Structure formats: structure tokens, C-alpha cells
Amino acid sequence: MSRSRTIARRVGRVLAGSVLGAPVALGLALGPGAAPATAAATGDCGASNRLPRPQDQRFYVQCANGVATVLPCPTGQVFDLGQQACDLPERVRPAVATETTAGPAKLNGLLFGVRNLSTTVRMADGPAGLDGVPVAFTTAGGKTLCTAVTDQYGAARCDSPARLNVPLDEILRGYRATYAGIDGIYRPSTATGTISLL
């Protein structure tokens, strides 16, 4: 059996496993506006059907002659397996809870700012992070430090600008990473992280 055919079979198993709730081993995550990722699949991806994409319900997997292509639903819609089509989220299911985590950051002096503000955003019961979603990093008092967009693993990172005009005691109380959610699709979530002096 050729190497490409072996890889195709593995990809097909991964896609089928993700549908059945098994851990996802292949990152096909896409952000808004990203080009669809294509992966060859065999018997697990039927001649012509659509599969849900548990990592992000704004996308689905289109199967055609053993080839699986990740495609986006129209803006504001999610995939409905029963209909084999995208629809308004309130007709498919309630908004999905998300979880946000935050890592430690370092203050490099008020003149140089806060480094390594970081977070990960994922569906509360999902196997992978949400990609292409915006996250705001603020002080505990609500002053904006920076904003970032999550990558294909749901991780986002940024550094604050230099010459912060924020009191030192407010910065050292830590920061918040906030995902605002998508109305009707994903619920918002927030996490707090520590900021310590370098």
C-alpha cells in the first residue's frame, strides 16, 4: 500500500473518530475567512455526505468521493447533522459554553510593559480550541493591555505596549483574558492570570 493511501486512511479514521467523540488528532482548525483545509479520506468519509466538526460548529466536513473538505457555514449559522445543512443556532441547539484559561505574565517595568499575556479558548465540552476568535486582555480594573486572535489551537498571546499609563499596584493584581462569545453560538468566558515582576 502506498504511503499516501496509508495517510489517507488515517485521516479518514481521525475524521470519523472526531464525529464519534474520540480525541481529535489532526488539526484542521480554521479561522473566519480562512481557506478550507482539504484532506484525503477513504471509507470513513462516504461518497457524498456531511459530518459535523466538533472543534468548531461554525464549520462542517463535506465528503465527496472519499475526499474530506472543511467548509464554513454562512456567518451566524452552525451545522445541523439532522438536516445535513447549516442553520440558525437557535434552531439547532442552545449556545455552547466556552472555557478560557490564562497563563502567567511578566511586567518588564512600566516603561517596557507586560510580556506574555496568554490564553486558550475552547468549547467547554469540545476536543480542541476555538480558532480565529478575538480575545481582550485587561487589567483587573478593566484597562486594556492588548488584544489578540486565537490560533488553530485556540491559543492567543500578546504583549502590552510600552510606557503603560496604569498604576503599578493595579498591574500587579493580575489580568483578565476575555472572550466575548458569538451571539447565539458561543457563550462568553473569562479567565484571570498573574502578572509578576521580571
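Colleague: Which ground rules apply here?

Modeller: This is a predicted model, where local features need pLDDT of at least 70, side-chain atom pairs count only at pLDDT 80 or more, and totals for chains, interfaces and linings use all residues. Residues are numbered from 1 along each chain as its sequence is written, and side-chain values use heavy atoms, leaving out hydrogens and water.

Colleague: How many disulfides does the structure hold?

Modeller: A disulfide is a covalent bond between the sulfur atoms of two cysteines; the cut-off is a sulfur pair within 2.5 Å. The structure holds two. One joins Cys73 to Cys86, S to S 2.0 Å, and is left-handed, with -70° about the S-S bond. Cys73 sits in the loop between β4 (67–72) and β5 (78–80), and Cys86 in strand β6 (residues 85–87). Strands are DSSP runs of E, at least two residues; helices are H or I, at least four, numbered from the N terminus.

Colleague: Is Cys146 buried or exposed?

Modeller: Buried means under 20% relative accessible area, exposed over 50%, partly exposed in between (1.4 Å probe, protein chains only). Cys146 is buried at 10%, and Cys158 is buried at 9%.

Colleague: Where does Leu172 lie?

Modeller: In the loop between α3 (168–171) and β14 (175–179); at 35% relative accessibility, Leu172 is partly exposed.
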